[in-house]
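I opened this notebook to record what I looked up in one chain.

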Amino acid sequence: MNEGSSGGGGYDTPHDPNTDDLELSALQESGLTQTYDTAEREGLLQSPGELLDADVILIAHPENRRLGTRFRLSPGGRVDVGRSHAVEIPLPEVPSISRQHARLEYRGRWVTLRDLGSTNGTYVNGQLIQGPAVLRSGDRFQVAGVHFKFLHEQDPEHAYYETIYDLVTRDGLTEIYNKRKYEEEVRREFARARRHERPLALIMFDLDEFKGINDTHGHLCGDFVLKRVVGLARDLLRPEQIFARVGGDEFVILAPETDLAGGELLAEKLRERIEALEYTYCDVRVDVACSFGVAELSPEMEMPNDLYAAADAALMTSKRSGRNVVSLYRPPADA
């Protein structure tokens with residue numbers, strides 16, 4: 001990726017504060033935003049204490065989409081904002097944002113924000129930034145019509161956002177992540193895997209004949225089975241693997257740093273354990289099995305949905321093959 005290229009082509013439009021969804025005047029806060037170089041020269045960059053994770057929270061969007069979405073920035077790391085699917089905060093639905101618009105980056109103990117040569121510019125607390133700007137917890141910044149809030153982990157307001165975020169990204173029945181959280185994580189991991197050329201696998205599975213369990217034994221029995229399967233799967237997964245419920249009895253496991261063979265191994269282990277577990281509800285034994293589809297990120301996949309579609313196609317192969325099996329997605333060129 002070319003760091004200074006906007007990549008906007010004919011899609012970008014000049015910045016017009018009068019047409020933004022959130023008036024710039026509402027973003028003004030006391031004090032001027034310092035550029036990193038000026039603050040360093042004036043001796044203002046005193047140590048803020050221990051290095052902390054920080055969150056970037058989407059608070060305004062031209063179409064009111066993805067409000068409250070949180071993006072994590074850890075010490076030593078960086079995240080880019082833009083319209084490209086290859087950045088950590090992708091906003092492809094907003095045409096006025098450049099493909100690579102702005103970058104947040106830990107520089108020593110401080111987080112800076114700088115524009116990457118975008119057409120519309122980048123604003124902090126309503127002010128156009130000309131160089132790397134030092135962000136303070138509570139600052140707000142804007143790229144085109146999208147607005148974010150920056151918060152350090154120790155900020156009391158961070159705990160409020162953390163609680164609300166957890167409520168809207170958890171499945172109420174199983175308490176694992178929901179589809180919204182999966183979609184956030186897959187965008188981030190897709191961009192990371194693309195940038196660093198690292199493997200990324202997606203496992204999709206559902207319960208075989210789950211409708212029959214509900215129809216025969218009732219929905220409370222169905223809920224019991226779902227929670228048992230989820231509990232078993234959670235015990236197998238590593239902390240960095242994202243486990244989410246994306247439908248009634250449909251689940252995904254997003255596995256960074258995992259290739260197709262690793263995804264197959266994990267899926268097969270989980271399939272065997274689900275099949276072997278005894279499920280007894282109200283003194284009635286229930287037979288439970290799952291079908292699995294596994295896909296790995298490949299060069300022809302341009303968007304996260306391509307990876308999802310590949311895993312779903314592999315899952316359909318398992319269904320057609322008699323269920324209770326693991327199937328792998330192979331790109332057409334390799335078939």
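The entries below follow the order in which I looked things up.

**Basis.** I worked from a predicted model, in which local features need pLDDT of at least 70, side-chain atom pairs count only at pLDDT 80 or more, and totals for chains, interfaces and linings use all residues. Residues are numbered from 1 along each chain as its sequence is written, and side-chain values use heavy atoms, with hydrogens and water left out.

**Whole chain.** I found seven helices and 18 strands in the chain. Helices (H or I, at least four residues) and strands (E, at least two) are DSSP runs, numbered from the N terminus. Of the 335 residues, 49% count as buried; buried means under 20% relative accessible area, exposed over 50%, and partly exposed in between, with a 1.4 Å probe and protein chains only. I then looked at contacts, meaning heavy atoms within 4.5 Å. Among contacts with a separation of 6 or more, 62% join residues 24 or more positions apart.

**Helix α3.** I looked up residues 179–196, the 18 residues of α3. From first C-alpha to last, α3 reaches 25 Å, close to the 26 Å expected at 1.5 Å a residue; the expected span is 1.5 Å times one less than the number of residues. The buried residues of α3 include Y182, V186, F190 and A193, and charged side chains such as K181, E184, E185, R187 and E189 are buried as well. For that last entry I used the classes in which Ala, Val, Leu, Ile, Met, Phe, Trp, Tyr, Cys and Pro count as nonpolar, Asp, Glu, Lys and Arg as charged, and the others, Gly among them, as polar. At the start of α3, I noted a side-chain oxygen of N178 within 3.3 Å of the backbone nitrogen of R180. After α3 comes E197, with a positive phi near 55°.

**Helix α7.** I next took residues 304–320, which form α7 with 17 residues. The helix reaches 25 Å between its first and last C-alpha, close to the expected 24 Å. P304, L307, Y308, A310, A311, A314, L315, S318 and K319 are its buried residues. They pack against α3 and against the strands β12 (200–207), β14 (250–256), β17 (290–296) and β18 (326–328). Just after α7, G322 takes a positive phi of about 110°.

**Pockets.** I used a 1 Å grid over the protein atoms alone, where a pocket is an open set of points where a 1.4 Å probe fits, with protein on both sides within 12 Å along at least five of seven lines, and lining residues have an atom within 4 Å of a point. The largest pocket has a volume of about 420 Å³. Of its 18 lining residues, R72, L73, V79, E88 and R188 are the closest to the centre. Two or more lining residues come from each of β2 (70–73), β3 (78–82) and α3. The largest share, seven residues, is that of α3. By class, I recorded four nonpolar, three polar and eleven charged residues in this lining.

The second largest pocket holds about 300 Å³ of space. Of the 14 residues lining it, H85, E183, R187, P304 and N305 are the closest to its centre. Both α3 and α7 supply at least two lining residues, and the largest share, five residues, comes from α3. The lining has six nonpolar, two polar and six charged residues.

**L202.** I located L202 in strand β12. L202 counts as buried because its relative accessible area is 0%. L254 is 52 residues away in sequence, yet 4.7 Å from L202 in space, C-alpha to C-alpha. Beyond its neighbours within four places in sequence, L202 is in contact with residues including Y182, L254, V294, L307, Y308 and A311.

**Q142.** I found Q142 in strand β10 (residues 140–143). Q142 is buried too, at a relative accessible area of 0%. Its side chain reaches the backbone oxygen of A144 at 2.6 Å.

**Positive phi in loops.** E175 is not a glycine, but has a positive phi of about 70°. I placed E175 in the loop between α2 (156–169) and α3. Is E175 buried or exposed? It counts as exposed, because its relative accessibility is 54%. N324, also not a glycine, has a positive phi of about 55° and lies in the loop between α7 and β18. N324 counts as buried, because its relative accessibility is 17%.

How values were computed: A polar contact is a pair of N or O atoms within 3.5 Å; within protein, one must be able to donate a hydrogen and the other to accept it, and residues adjacent in sequence count only if both atoms are side-chain atoms. Grid points are joined across faces, edges and corners, and a volume is the space filled by probe spheres set on the points.
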